[in-house]
Amino acid sequence: MKLLNVSGSPHVHSDESTKRIMWRVNLALVPSLIVAVAFFGLNALLISLISVCSCVLFQWLIEKFIMKVPSTVSDGSAVVTGLLLAFNVPATREMIWLVIIAALVAIAIGKMSFGGLGKNPFNPALVGRVFMLISFPVQMTTWPKPGENLFSLVSVPTTDATTGATPLGLIKEQMSQGRSLSDVMADPSLNLPSLGDIFLGHMGGSLGEVSAIAILIGAIYLLCRKIISWHIPVSFIGTAFVFSAILWLCDKTAFVDPVTTILTGGIMLGACFMATDMVTSPMTKTGQLIFGFGCGLLTIIIRNWGNYPEGVSFAILLMNSVTPLLNRWCKPKRFAN
Amino acid sequence: MKTFAMGGVHPEENKISTNAVIEEFPLPKTAVILMNQHLGAPATPCVEKGDKVKVGQLIGKAEAFMCANVHSPFSGTVAKIDTCKDAFGLSKPAIYINIEGDEWEETIDRTPDIKRECNLEPKEIVDKLKAMGVVGLGGATFPTHIKYSIAPDKKAEYLIINAVECEPYLTSDHRVMMEHAEEICIGVSILRKALGVPNAYIGIENNKPEPIAVMKAMAAKFEGIIVEPLKVKYPQGAEKQLINAITGRRVPSGKLPIDVGCVVSNVGTSYAVYEAIQKNKPLIENILTVTGKKLATQHNYHVRFGISYKDIIEHSMGSLPETTGKVISGGPMMGKAVSNLDGPTTKGASSVLVIDESEAVRAKESNCIRCGKCMNACPMGLEPYLFSSLVKNRRIEEAGAHNILDCIECGCCFFSCPANKPLLDEIRLGKNLYRGILMAKKK
């Protein structure tokens, strides 16, 4: 006679799965990818493709030959890491091969050394990016000018047409030479992007971070699918906005205005896709609000008083390290107390 | 629209047996009556082997405080008094009956007339409920007379009737409301009188518009019965969640509903109360849903206790479909998987649910991605992911400090986990281990 299954309740399951969540995150990253390819041309596509393939390949190799466990690459998390990693590097020709090193660091050190998806304390893509920033500072801060390669999909550019800089990098560099901010902003020779350009993403920067609007489309999709909640993005961007506004109001000649602050650099990408990584962010709403607050605060501090023009990656990684503590401090409201 | 404060999920409803009118289940040849069909100590058999029994005759006497009388649902001869393995494989004291004819006790009013007047005093009502062996039919089978004997230092303010039926598939409450609305309202009035509260609230989820309409129309003819439609959300039928939805009050950790002035009874129980008080009919049967996606016909039956699951399956569907993976007694969220089809049904059985192979096997477990879905789904505001790792590492007292005993085992955590972690299995283990630690500390 055929035996019946016996198990504890519940006997049904929602159709939720890790795989579905990860592939939906990938889908949410597509708008940014399209904008990146439109602005930075074939380089952007190649870098993304190579980054994704290397991440998947490294994870597969490590699982097969080192960990000797069944492969989990189909869950799509390595693809997310690969895409985010590509989004965090400049779209230059050198990056096409350098991104392979970044992928190795991100997957091998950032993720698999802790036991794979779910066990990593730090966002793997950011581990890869920060490693690159420290090891290859020149390559990581050489930015192609957006639009130079606009719709150049048909012809592979042999050299990078021009190198520009991110608005934040330019401002920092000029101000370190003793110029005041208003002076720098008004200088037409620097070609600083207008606010409209900034919002669309028509400026120098990492591959996927430039277009606020594309990032927001992806983020709204994730919000609707309940994969992320509003708490981290809003408190991250809100804190950065308020803090920079206070600084700007105190001294308009020394600090960048709040709108430019949140729309340039990696704040949008970081707040919507990197800080909201489930694995490395707190679980309760209170914890998430504190986490976002810390990210915003640290970003502005690093940007204004640190050596680097950009501080999003460091801020998120630092806050990743306090996530276990936030999970311990911020408990959900109990029903029965 | 009202609902409870936090958490909850919305599983696929699958109420496919909604329109199946309640049928009388035919008598089998033999039956086994378990002596503990209720929460608490088993009843003591008060018949001997070879005795003739009638339908409604007392065969198991409640001697302990937490116990309920057991009456024979059949007429015939006592074949033996022995133990019997119940549907879940546990050995329990039982009376075996060879069924002969269908002869009822003369005191039982079997006419179809509805008896509306009840002149009993509250104390007499409770005593009669005790004599008739009435227990809660919502699943926990708590003896009703104990629930309605309010301690002198407590005061009941609300009577809440649970007609939520938030479990997928189950339709017995739906059917009983459609077919016996007046009897239910009389039963509720009797319970209201027993408690001495001004109002009784009948909570029904908003996905049952027909019963809501029927009950509202009927309740209008009675004093102090209010039908309260509730927003659809599982586990609204859990006692603490229902109290919260209707009154806004919260039962504190380790306390009972009466500590916040509430008494909750199932709608099926109020029908049983009507029959016990007005018709002198002891609790000998219940309404049972027989359902499953792959079944050709869906049924709701009046089933007397003691008929084996096998007999119910044979009568309603011939044999189990070829691809059956699991048989569940109760709903898919909180019901128990039947391991012994020869086991008899009991007072608490509300359904026989046949689950197909494709849905009967759990998906492979993977790493926790700390998404927090279990925590957001928990209606008690607990942290299932944390219990899972604490229990695995046997850090039981820490789990206790995080209120593991508050868990109502609704299954929302496991249901919503994208990594398919068996969270509730681990929590159940943790609760048992923690109770053991508390007991040892007391000694």
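This is a predicted model: local features need pLDDT of at least 70, side-chain atom pairs count only at pLDDT 80 or more; totals for chains, interfaces and linings use all residues.
Me: Which residue just after H4(B) takes a positive phi?
Reply: The phi in question is about 70 degrees. The residue that takes it, just after H4(B), is B:Gly196.

Me: What radius of gyration does chain B have, and what would a compact globule have?
Reply: Along its principal axes, the C-alpha trace of chain B spans about 65 × 50 × 50 Å. For 443 residues a compact globule would have a radius of gyration near 22 Å. Chain B agrees with that figure, at 22 Å.

Me: What percentage of the residues in chain B is buried?
Reply: Chain B holds 14 helices and 17 strands. Among its contacts with a separation of 6 or more, 74% join residues 24 or more positions apart. Of the 443 residues in the chain, the buried share is 56%.

Me: How many bridges join strand S7 (residues 76-85) of chain B to S8(B)?
Reply: S7(B) and S8(B) form a hairpin with five residues between them, and B:Gly89 in the turn has a positive phi of about 90 degrees. Within the pair, B:Thr77 has B:Asn98 of S8(B) as its bridge partner. The two strands run antiparallel, and the bridges that join them number nine.

Me: Which residue in S8(B) is the bridge partner of B:Ile33?
Reply: Strand S8 (residues 91-99) of chain B also pairs with strand S2 (residues 30-34) of chain B, in the antiparallel sense and over five bridges. In S8(B), the partner of B:Ile33 is B:Ile95.

Me: Which strands are the edge strands of the open sheet of three strands in chain B?
Reply: The order in this sheet is S3-S5-S6, with antiparallel pairing. Strand S5 (residues 58-61) is joined to S6(B) by two bridges, and B:Leu58 has B:His71 as its bridge partner in S6(B). An edge strand pairs on one side only, and here the edge strands are S3 (44-45) and S6 (70-71).

Me: How far apart do the C-alpha centres of domain 1 and domain 2 of chain B lie?
Reply: The domain assignment gives chain B domain 1 (122-279) and domain 2 (373-442). Five residues of domain 1 are in contact with six residues of domain 2. By class, the domain 1 side of this contact has two nonpolar, two polar and one charged residues. The centres of the two domains are separated by 29 Å.

Me: Which helices of chain A give two or more residues to the side of domain 1 that touches domain 2?
Reply: Chain A is divided into domain 1 (18-143) and domain 2 (164-200 + 224-329), and their C-alpha centres lie 22 Å apart. The contact takes 18 residues from each of the two domains. On the domain 1 side, twelve are nonpolar, four polar and two charged. The elements that give two or more residues to that side are H1 (18-40), H3 (77-87) and H5 (124-135).

Me: Which residues of helix H7 (residues 167-176) of chain A are buried?
Reply: What covers the buried residues of H7(A) includes helix H8 (181-186) and helix H14 (285-305) of chain A. H7(A) is followed by A:Gly178, with a positive phi near 95 degrees. The buried residues of the helix are A:Pro167, A:Leu168, A:Leu170, A:Ile171 and A:Lys172.

Me: Why does A:Tyr221 count as partly exposed?
Reply: A:Tyr221 lies in helix H10 (residues 212-224) of chain A. A buried residue needs 20 or more C-beta neighbours within 10 Å, and an exposed one has 12 or fewer. A:Tyr221 counts as partly exposed because its C-beta neighbours inside 10 Å number 18.

Me: How many residues do chain A and chain B give to the contact?
Reply: The side of chain A that touches chain B divides into twelve nonpolar, twelve polar and four charged residues. The contact takes 28 residues from chain A and, from chain B, 52.

Terms used: Residues are numbered from 1 along each chain as its sequence is written. Chains are lettered from A and ligands numbered from 1 in the order in which they are written. Helices (H or I, at least four residues) and strands (E, at least two) are DSSP runs, numbered from the N terminus. Two residues are in contact if their C-beta atoms, placed from the backbone, lie within 7 Å. Domain bounds come from an automatic or database domain assignment. Ala, Val, Leu, Ile, Met, Phe, Trp, Tyr, Cys and Pro count as nonpolar, Asp, Glu, Lys and Arg as charged, and the others, Gly among them, as polar. Two strands pair if DSSP finds at least two bridges between them. The radius of gyration is taken over C-alpha atoms; the globule rule is 2.2 Å times the number of residues to the power 0.38.
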